[in-house]
Amino acid sequence: MEPMIKRMRVRLSVTFGFLVLVLYSVGALVSLGVFQQGLHRSTDALLVDLLSEVRPAVSTSSERPSLKDWDRAARMENLPVLATIQIFDPKGTLLESYGPPGVGVLTKGRVHVSDEAGDFRSVYQPIMRQDKQCGFLQVQVSTAHDDRSLNELTTAIVLAFPGLVGLVAFGGYLFVGMALRPVELTMDLLRRFVADAGHELKTPLSVIEAAIETIEHVHKEHNLSELETDMIRSASKRMRGLTEDLMFLARVEDPMRAFAKQVLSLSTLVEEEVQEYTPLAESRRLKLEITSNEPLEIVAEPESFRQLVSNLLSNAIKYNEPGGSVFVSLKKDGLQARLTVADTGIGINESDMVHLYERFYRADKSRSRGAGGAGLGLAIVKAVADAHQASIEVVSTAGEGTTFIILVPLAASPVSREKKPVERSGA
Ligand SMILES: Nc1ncnc2c1ncn2[C@@H]1O[C@H](COP(=O)(O)OP(=O)(O)O)[C@@H](O)[C@H]1O
Ligand SMILES: [Mg+2]
């Protein structure tokens, strides 16, 4: 799978998982609240029923209301009293209490008794005698049973959480993978299109190049102007460069492609490339110098890595001023090789930094086109670096210069060893 798609897939799965878990938490809190309210309401309804059941049994024949007769009858029939039933005088003093111990004061709703006894829910109503209030009847039940139900639900919700996390992560990853499939196919199609188009352009380009040669010959023989032929030649040269870069990029970015990696002397490669670019640097009155070149080996595909170094050197020379310099250095940095290409050129603006590796992106368009670049060089550098577990750093100050640093695992380091040797596939 394409590294970009893979990163996108992980990022989307994490976002998806996070959203689901937030929804789950909110849903759990809401259902706990609703459940608790429901429990309270049903307990209170039960207590009100109980009140109206017990109320007729309250004797109001004497000064104080009493349930003594009712209690006696209940005892005779051996009826258990499950709720606390209490009689109060009009001032709220407890007169009688039956059933399990409760709270000895008039109170409504939930009331805390003690840590051992727990909480109670309580309901009361006045007792009337000849239109005069002569006391209160109160019933109470412990909330222990309700609390236990609530605790069990809370525990179930919490226990389900880790399982849900796993399920959401797995499901999300699969789902996002499915959703990204069309994107992946489109990118694949695009890459194949570029590669095919590049390939198809090669033949007509060769024809043009051959024809130009003949025309140039004829022009020379007849002493005709070479202006037009020069224009065609330079255009076909640019087109050849462009097609080759596009095809190379399509090849490097192909996720199915196996790189023909081998142990490679990076110092030799650097030396060869610097030699290659020396005439160009001299023609632009630039100093191109290797400041340090430690003999280091990496595991890389030579052709690709040469492109990387070549593009960095070409940029450092292209985006420079006459009299400027380009310094190349290769040093060991822990388990990595640190390749630095520093120039004293025009530099890169902060705002261009983020787009640097995009295809066809040129910071200074007039200058780049004049210099013949199409904006594919750094896209190639990035693709090659990615394929070699290498990182790129850029430090640049506009008007002062730019430094590109490539950090790539050394041949003996664990990262590179795990990748070697990779043979080129049959194609
Ligand atoms: N060493 C450098 N100094 C200044 N600008 C640079 C340097 N390297 C790259 N750039 C900027 O980044 C753009 C993209 O570079 P690249 O992908 O190699 O394309 P190009 O074909 O234009 O060289 C260039 O057009 C240039 O504006
Ligand atoms: Mg370039």
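This is a predicted model: local features need pLDDT of at least 70, side-chain atom pairs count only at pLDDT 80 or more; totals for chains, interfaces and linings use all residues.

Biologist: What average pLDDT does the protein chain have?

Modeller: pLDDT is the predictor's confidence in each residue, from 0 to 100. Here the protein chain averages 89, and 94% of the residues score at least 70. Go carefully over residues 419–427, where the pLDDT is below 50. That stretch still has 15 contacts in the model beyond near neighbours in sequence.

Biologist: Into which domains is the chain divided?

Modeller: Domain 1 covers 58–142, and domain 2 covers 262–419. Their C-alpha centres lie 91 Å apart.

Biologist: On to the ligand. Which residues come nearest to ligand 1?

Modeller: There are 21 residues around ligand 1, and the nearest are Asn315, Tyr319, Asp343, Gly375 and Leu378. By type, the shell divides into 10 nonpolar, 7 polar and 4 charged residues.

Biologist: And which polar side-chain atom lies 3.3 Å from a nitrogen atom of ligand 1?

Modeller: For polar contacts, look for pairs of N or O atoms within 3.5 Å. The one you're asking about belongs to Thr402. Asn315 has a side-chain N or O atom 2.8 Å from an oxygen atom of ligand 1. Leu378 uses its backbone: a polar atom there is 2.7 Å from a ligand oxygen.

Biologist: How much of ligand 1 does the protein bury?

Modeller: Taken alone, ligand 1 exposes 530 Å², and the protein buries 97% of that. Elements giving two or more residues to the shell are α6 (302–318), α9 (377–387) and β12 (401–409).

Notes:
Residues are numbered from 1 along each chain as its sequence is written. Chains are lettered from A and ligands numbered from 1 in the order in which they are written. Side-chain values use heavy atoms; hydrogens and water are left out. Domain bounds come from an automatic or database domain assignment. Contact means heavy atoms within 4.5 Å. A residue is near a molecule or strand if one of its heavy atoms lies within 4 Å of it. A polar contact is a pair of N or O atoms within 3.5 Å; within protein, one must be able to donate a hydrogen and the other to accept it, and residues adjacent in sequence count only if both atoms are side-chain atoms. Accessible areas come from the Shrake-Rupley method with a 1.4 Å probe; for residues, only the protein chains shown count as cover. Helices (H or I, at least four residues) and strands (E, at least two) are DSSP runs, numbered from the N terminus. Ala, Val, Leu, Ile, Met, Phe, Trp, Tyr, Cys and Pro count as nonpolar, Asp, Glu, Lys and Arg as charged, and the others, Gly among them, as polar.
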